[in-house]
Amino acid sequence: MEENKMGVMAIPRLLVTMAVPVMVSMLVQALYNIVDSIFVGHISPEALTAVSLAYPVQTLVIAAGSGLSIGVNACLSKSLGEGRRGHAGAVAMNGIFLACILWALFALFGLFGSRRYFSAQTGEAAIAVQGAAYLSVCLAWSLGAFLQMVLERILQTAG
């Protein structure tokens, strides 16, 4: 049976190998909206407003994915610590399945609810149209964000 690196690796080296990839991942997620705002700001003030109004929903995507990932991480760590590898595999698969379910819910909201969301936020039709188009694309393609968060935690937990 292979030894888990968390039990044998020196703590400073373990911190670097475990924390740096997560920190880079979180930095990329945080810069996502900033970079969008910079590029969209060159188009028009309405487009920038639309991106700004979409940011809270994008933050919900990150929060849902992070919450799921932390739960998967905790259950997976417990299962591996108890030596129940079969259960750990089931936890990992359930985490991936739940990430896909969360993505589907957000994608459906993006496709069918984003126009209502923007109409409730602003009275300007141009902002609502641009924002709904932007948000629907972001949410429809957010599967990568959900899977990245869950798979990153699964790999991190497995050592």
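**Exercise 1.** Which residues do ring pairs link into a cluster?

*Solution.* The model is predicted: local features need pLDDT of at least 70, side-chain atom pairs count only at pLDDT 80 or more, and totals for chains, interfaces and linings use all residues. Residues are numbered from 1 along each chain as its sequence is written, and side-chain values use heavy atoms, without hydrogens and water.

Step 1. Rings of Phe, Tyr and Trp (its six-membered ring) pair if their centres lie within 6.5 Å; planes under 30 degrees apart are stacked, over 60 edge-to-face, the rest tilted. The count comes to 3 aromatic pairs.

Step 2. Phe-106 and Phe-146 form a tilted pair, 5.8 Å centre to centre with 35° between the planes. Phe-106 lies in helix α4 and Phe-146 in helix α7, 40 residues apart; helices are DSSP runs (H or I, at least four residues), numbered from the N terminus.

Step 3. Tyr-117 and Phe-118 pair edge-to-face, at 5.2 Å and 85°. The cluster consists of Phe-109, Tyr-117 and Phe-118.

**Exercise 2.** State whether Phe-146 and Phe-118 are buried or exposed.

*Solution.* Buried means under 20% relative accessible area, exposed over 50%, partly exposed in between (1.4 Å probe, protein chains only). Phe-146 has 1%, so Phe-146 is buried. Phe-118 has 0% and is buried too.

**Exercise 3.** How many disulfides are there?

*Solution.* Step 1. A disulfide is a pair of cysteine sulfur atoms within 2.5 Å; the count is 0.

Step 2. For Cys-75, the nearest cysteine sulfur, that of Cys-100, is 18 Å away. For Cys-138, the nearest is also that of Cys-100, at 19 Å.

Note on methods
Helices (H or I, at least four residues) and strands (E, at least two) are DSSP runs, numbered from the N terminus.
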